[in-house]
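Please look over the model shown here before reading on, and keep it in view while you read. The report is written for someone meeting such a structure in a first course.

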Amino acid sequence: MTSEFKKLTAIRGMNDALPDDSAAWETLEGVLRDWLAQYGYLNMRVPVLEHTRLFTRGIGEVTDIVEKEMYSFTDSLNGESLTLRPEFTAGMVRATIEHNLLYDRPRRVYTMGPVFRHERPQRGRYRQFHQLDVEALGLSGPDVDAELILMTARLWQRLGLDGMALEINSLGQSDERQAHRAALIAHLEKYRDILDEDGLRRLYSNPLRVLDTKNPALQDMADAAPRLFDFLGAESRTHFEGVCARLTDAGVAYRVNPRMVRGLDYYNLTVFEWVTDKLGAQATVCGGGRYDDLIALLGGKPAPAVGFAIGMERLLDLWSQSRTPAPVVECQVYMIHQGDLAQRRAARLAEGLRDHGLNVIVHAGAPGFKSQFRRADASGASFAVILGEDEMAAGEASVKGLRAQQSVANDTQMRVPFEKLAKFIMDKV
Ligand code: HAM
């Protein structure tokens with residue numbers, strides 16, 4: 001039979017994390033959880049799949065994400081359109097409304113996990129990637145915006161990242177954006193003849209995105225465009241100044257970027273991004289802002305909110321540039337044995353060691369001593385515990401230090417009675 005079976009690989013833009021890589025993920029996740037706890041953020045989890053209309057309504061019909069990047073499909077059982085989440089905020093808000101989470105107090109919550117966007121893959125840009133998503137729900141002041149930003153600054157410091165630059169902007173309120181939009185469309189209409197296909201398409205649907213052009217011929221048009229900032233009313237300006245003042249108080253440098261357009265439509269007032277020059281083209285590690293209208297837009301009782309998300313792959317890439325990871329070890333103790341009885345005794349002794357919290361592998365597979373020692377070495381264990389015929393006869397185990405730094409010197413062996421084994425090793429780790 002000729003095989004038609006095509007070699008299976010992961011889907012383009014979706015990555016595996018093998019044990020060495022995954023160790024870095026787990027370490028980072030631990031740092032993140034500790035850091036979030038310091039600011040009172042609690043974990044929650046939302047589904048990977050949601051109704052497509054949550055995202056079309058929440059993120060906005062004319063965003064790149066909704067127009068062309070969502071993995072959507074029809075549920076063959078009931079004809080509903082479902083979508084793999086392209087971000088967390090919409091789902092977090094849906095869950096908040098559905099479970100009436102804000103009924104008695106504001107909430108600080110976070111979640112981590114995979115999200116999906118059908119983008120063109122390159123370094124730092126994947127189709128399945130991971131976000132840490134942090135949301136402060138039910139709080140309206142600039143103090144909260146500033147706290148979120150300062151919190152991220154502390155994280156970069158804790159991870160030893162340098163060269164992180166903060167950009168902030170205010171998108172005002174929707175009536176201010178409407179007034180700006182009308183002025184912007186009037187401005188852009190004067191350039192109709194030179195607008196490219198995308199520009200023309202977006203002229204009336206999303207004129208701000210027309211400015212987000214890389215086309216040098218359109219640069220003058222973009223530079224001369226009316227600025228949203230000039231359309232902000234007193235309240236919006238005061239809010240923005242409140243955020244800026246708190247950043248200055250804390251000594252966090254920032255650049256006001258009046259051109260910052262986030263790729264999601266739910267934002268108002270403060271928006272911000274942390275960028276770096278160490279990741280090539282995909283420079284944004286963290287992005288977020290205020291979204292005071294989203295909860296009501298998705299059917300909840302109006303409540304303000306602000307949050308951000310960090311791209312985990314980008315953060316890991318950056319972090320790996322600034323540290324030497326500890327070698328990955330499989331266990332602390334590797335048990336070597338010869339013969340059926342010794343194997344059974346080793347399994348029991350291993351359980352006893354685990355009772356003391358030790359990480360133990362009992363050798364399985366090829367029986368020869370030589371290959372067992374090779375495996376013990378490769379495991380990264382600090383100790384090999386050996387049960388051969390002699391040891392079994394004496395009711396003792398041989399303990400061999402495998403790492404030079406252990407106080408049982410490398411290549412020396414000690415005999416220890418079975419019942420004293422756990423204590424002997426515990427004294428040495
Ligand atoms: P976002 O800017 O679309 O915001 O994504 C947040 C971060 O996810 C980006 O800054 C970037 O680090 C990472 N990211 C985005 N696309 C990719 C990709 N294709 N591959 C790898 N990493 C990527 C949001 O998603 C908002 N929900 C953030 C937010 C939370 N706003 C308020 N609350």
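The report below takes up a pocket, a ligand, the cysteines and one serine in turn.

## The model

The structure is a predicted model, and the values that follow should be read with that in mind.

## The second largest pocket

The second largest pocket holds about 760 Å³ of space, and 31 residues line it. Among these lining residues, Arg177, Asn206, Asp265, Tyr266 and Tyr267 lie nearest the centre of the pocket.

Four helices, namely H2 (52-59), H6 (174-189), H8 (207-211) and H11 (294-297), are the elements that give two or more residues to the lining of this pocket. Helix H6 gives the most, with five residues. When the lining of the second largest pocket is sorted by class, it has 12 nonpolar, 10 polar and nine charged residues.

## Around the ligand

There are 27 residues around the ligand, and those that come nearest are Glu87, Glu119, Glu135, Tyr267 and Thr284.

A nitrogen atom of the ligand is 2.5 Å from an N or O atom in the side chain of Glu87, while an oxygen atom of the ligand is 3.1 Å from an N or O atom in the side chain of Gln131. With Gly311 the backbone is involved, as a polar backbone atom of this residue is 3.3 Å from an oxygen atom of the ligand.

## The cysteines

How many disulfides does a search of the whole structure find? The search finds zero disulfides. Cys244 is in no disulfide, and the nearest cysteine sulfur to its own, that of Cys286, is 17 Å away.

## A serine at the end of a strand

Ser170 lies in strand S7, which covers residues 165-170. Because its relative accessibility is 2%, Ser170 counts as buried, the cut-off for this term being under 20%. A polar atom of the Ser170 side chain lies 3.2 Å from the backbone nitrogen of Gly172.

Key:
Residues numbered from 1 in each chain as written. Predicted model: local features only at pLDDT ≥ 70, side-chain atom pairs only at ≥ 80, totals over all residues. Heavy atoms only, no water. Disulfide = S-S within 2.5 Å. 1 Å grid on protein atoms, 1.4 Å probe; cavity = no way out; pocket = protein on both sides within 12 Å on 5 of 7 lines; lining within 4 Å. Points joined across faces, edges and corners; volume = space filled by probe spheres on them. Nonpolar A, V, L, I, M, F, W, Y, C, P; charged D, E, K, R; others polar. Near = heavy atom within 4 Å. Polar contact = N/O pair within 3.5 Å; in protein donor to acceptor, adjacent residues only side chain to side chain. Buried < 20%, exposed > 50% of the residue type's maximum accessible area, 1.4 Å probe, protein only.
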